[in-house]
Amino acid sequence: MKRVFAVALGILTAIGGFVDIGDIVANAEAGARFGIAHAWVLVVGVVGICVYAEMAGRVTAVSGRPVFDLVRERLGPRVALANLAGSLLVTVLTLGAEIGGVGLALQLATSVDYLLWVPVIGFVLWAALWRAKFSVLENIFGLTGLVLIVFVIAYFRLPADHGELLRQATHPSPGDGEDWGTYWFMAVALFASALTPYEVFFFSSGAVEERWNAKDLLTSRINVFAGFPLGGLLAFALMLTSATVFHPLDLSVDSLSQVALPAAIAFGKLGLAAAILGFFAATFGAAMETGLSTGYTVAQYFGWNWGKLRKPRDAARFHTVVMAGILAGIAVLMTSIDPIQLTEYTLVFSAVALPLTYLPILVVANDRGYLGDRVNGRLANGLGTVYLIVVLAAAVAAIPLMIITRMGGG
Amino acid sequence: MLIGFDLLDRQILDADGEPVGKVDDVEIEDGTVVALLSGQQALGERIGGRIGRWIAATARRMSEPPDQPPARIPVDLIAEVTSAVTLSVRRELLVDPPLETWLRDHLIARIPGARDES
Amino acid sequence: MAVAAGAVTILWAGLAYDVARPADYRDYSRTMVQVAESAHDAAQTGRLVAQEQLAGRLTGLYSVAAYDDAAKGLAGAQKKFAAQGPPDKASAELRDRLSPLLAGTVEALGDTAEAGDDRTREIGVEKLGGLASQFQDFIEAYG
């Protein structure tokens with residue numbers, strides 16, 4: 001019974017944990033501008049994160065080592081250092097965007113400007129990572145993030161042109177007043193939001209913190225294959241409600257207040273409150289994950305002590321890196337860059353950095369030295385290779401598309 | 001028979017499974033590995049180039065007293081080599097990594113709650 | 001190395017030329033359409049927020065934040081509008097068409113955001129809705 005409960009909890013937190021500021025922004029923007037003509041990208045993205053998270057979970061459960069730890073052995077210290085630099089930059093930018101997202105959610109609840117919240121959030125975030133128990137944090141924010149289900153239910157309450165939505169989903173194209181460049185730019189951003197690199201670092205490091213072993217393989221797989229797709233459903237609901245409310249008005253979304261509006265239209269104040277709470281939990285949870293991920297990646301490259309299982313004084317370098325990461329994220333926001341814009345840039349850089357994360361996973365998951373007979377089967381390798389090609393294509397296309405479309409501005 | 005190439009960049013754990021560092025380099029005598037070298041100094045020297053030199057120089061300066069040679073772990077302390085290198089001793093018997101010590105003494109241990117389990 | 005440096009220099013010079021060359025009607029109308037799009041989004045958002053406020057579906061604090069966001073978007077559009085002068089007569093015509101619409105939106109959005117009663121909000125919904133459709137016409141005519 002306890003086992004069933006643990007698995008259920010894992011799934012629920014995976015659902016809530018899938019959505020972060022990148023998903024919120026990318027899905028709402030895509031929905032408003034293109035309807036649900038990008039629905040297929042979400043499907044592709046969710047399958048991709050499932051394939052690779054399963055590999056990462058398996059590597060960690062069998063070898064007892066997080067993925068990033070093994071990367072250096074396979075790539076050598078130089079390439080792995082370059083990889084570390086790239087991943088760290090993206091993770092810190094993502095951390096900044098998540099903190100900004102928490103600030104925006106608090107602004108919606110209090111109407112106090114988000115910038116005034118940023119230092120407060122930074123401190124609370126640090127305190128949480130310093131003191132609180134890992135599993136408690138994960139469960140609280142994962143479960144609270146589930147209130148984003150309000151967007152799923154909202155869709156059924158909103159007056160929607162179902163035929164038109166079906167047409168958009170089955171005939172993917174830019175539609176009136178938009179071009180293919182922006183369409184693909186948005187597709188790359190959505191893909192990157194589903195496969196954000198920190199999710200894998202965090203997933204495999206978290207598995208070590210929870211002391212998974214080969215017996216936990218099933219738990220890992222259930223979490224991945226139930227949690228991520230259902231999380232993707234929440235992301236899709238954001239796209240869907242945005243497509244229902246904003247697309248017919250030709251209204252593009254560029255603020256978090258707009259993203260919450262469909263929930264308010266469907267359910268009034270209660271729906272609005274649920275949406276804001278959901279944004280808060282999702283972004284704060286993601287801020288914790290990215291904050292820890294900065295420490296994980298650096299400590300695992302150098303072989304330092306890391307993790308929340310240890311007392312902070314026994315992992316001084318790890319906690320220093322986490323602290324520095326949070327400060328750097330705050331510093332980015334303090335340039336007064338709009339958090340939504342920061343999120344957009346972060347997604348582009350994530351897309352560029354995706355191969356850095358996913359290629360090593362595929363290599364390690366095929367290594368009999370670590371995995372014995374639990375190496376990738378034909379299906380995992382087939383899908384893994386296909387996705388590696390997609391990931392490379394997205395990485396190569398991201399910057400040119402950003403320049404041609406002027407950040408999707410047309 | 002241990003081959004240096006297989007050991008390089010592997011995680012080193014002590015007898016309790018606590019991380020000690022990575023195999024940042026190995027010391028070879030007459031074609032066999034006699035010791036593992038660990039720490040940013042050894043790593044920097046192995047990486048080479050400007051970045052490598054910078055990493056090594058910073059690590060050298062951090063060591064207490066300065067300009068210590070990198071931490072050296074003789075191979076007879078190795079108990080087992082799997083996805084990590086496990087030692088037969090506890091890490092208290094090894095040289096403390098200088099950066100860890102410095103950050104602990106000057107920053108982390110001074111913050112309330114540093115000694116508590118979370 | 002030299003080839004890469006050369007390529008970067010040429011690209012950069014091209015970019016500099018593109019930025020420095022005097023704007024013509026095409027550039028100007030493109031900018032004006034972007035201004036109209038942003039202003040349209042601000043007006044439309046303001047209208048939606050006021051409408052939901054009237055229906056009692058929004059909290060007061062959220063409405064303040066939502067109007068702020070719309071106003072910020074509008075300020076961005078105004079900045080873009082003012083940043084460039086019309087290079088010719090046809091461009092000046094565009095500007096003259098857009099200018100009163102922008103001014104009207106600033107006024108309507110501000111009044112609606114600060115409205116203390118439902119009557120003012122109702123007027124705001126109407127005005128902002130009208131302005132949004134005028135922006136829409138502008139975008140369709142010149143976009």
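Me: What order do the elements of chain B run in from the N terminus?
Reply: In this predicted model, chain B goes α-β-β-β-β-α-α-β-β-β-α. That comes to 4 helices and 7 strands. The C-alpha atoms of chain B fill a box of roughly 50 × 35 × 20 Å along the principal axes.

Me: Why is B:Val26 called buried?
Reply: The cut-off for buried is 20 or more other C-beta atoms within 10 Å. B:Val26 has 21, so it counts as buried. B:Val26 belongs to strand S3 (residues 25–29) of chain B. As for the chain as a whole, 36% of the 118 residues of chain B count as buried.

Me: How far apart are B:Val26 and B:Ser38 in sequence and in space?
Reply: They are 12 residues apart in sequence, and their C-alpha atoms are 8.5 Å apart. For chain B overall, take the contacts with a separation of 6 or more: 47% of them are between residues 24 or more positions apart.

Me: What makes a set of residues a nonpolar core, and which residues have the most contacts inside the largest one?
Reply: The members must be buried, of the listed nonpolar kinds, and joined through C-beta atoms within 7 Å. The largest such set has 186 residues, and those with the most contacts inside it are A:Val188, A:Leu190, A:Phe191, A:Ala260, A:Ala263 and C:Ala39. Helix H12 (residues 256–302) of chain A gives the most to this core, with 27 residues. Leaving out residues up to four places away in sequence, A:Ala260 touches A:Leu108, A:Leu272, A:Ala275 and A:Ile276. There is also a second, separate core of 20 residues, which includes B:Leu43, B:Ile55, B:Ala56 and B:Ala71.

Me: Which residues make the contact between H6(A) and H12(A)?
Reply: Start with the geometry: the axes of helix H6 (residues 134–145) of chain A and H12(A) come within 8 Å and cross at roughly 145°. The crossing is left-handed. H6(A) brings A:Leu137, A:Phe141, A:Gly142, A:Thr144 and A:Gly145, while H12(A) brings A:Leu277, A:Gly278, A:Ala281, A:Ala282, A:Phe284, A:Gly285 and A:Met288. By class that gives 7 nonpolar, 5 polar and no charged residues.

Me: Why does Gly land among the polar residues there?
Reply: Because the nonpolar and charged lists both leave Gly out, and the others, Gly among them, count as polar.

Me: Which pair of chains has the most contacts?
Reply: Chains A and B, among the 2 pairs that touch. Their contact takes 27 residues from chain B and 26 residues from chain A. On the chain B side, strand S1 (11–13), strand S2 (19–22), helix H2 (40–47) and helix H4 (98–106) each supply at least two residues. The side of chain B that touches chain A divides into 11 nonpolar, 6 polar and 10 charged.

Me: And what about chain C: how many of its residues are in contact with chain A?
Reply: 18 residues of chain C, against 20 residues of chain A. Helix H2 (25–54) and helix H3 (60–82) of chain C each supply at least two residues of that side. H3(C) gives the most, with 7 residues. The classes on the chain C side are 7 nonpolar, 7 polar and 4 charged.

Me: How do you know that chain B and chain C do not touch?
Reply: A contact needs C-beta atoms within 7 Å. The two chains do not touch, and their nearest C-alpha atoms are 18 Å apart.

Conventions: Residues are numbered from 1 along each chain as its sequence is written. Chains are lettered from A and ligands numbered from 1 in the order in which they are written. This is a predicted model: local features need pLDDT of at least 70, side-chain atom pairs count only at pLDDT 80 or more; totals for chains, interfaces and linings use all residues. A residue is buried if 20 or more other C-beta atoms lie within 10 Å of its own, exposed if 12 or fewer, and partly exposed in between; C-beta atoms are placed from the backbone. Axes are lines fitted to C-alpha atoms, for helices over the stretch in contact, and angles run from 0 to 180 degrees between N-to-C directions. A crossing is left-handed if the near helix is turned anticlockwise from the far one by less than a right angle, and right-handed if clockwise.
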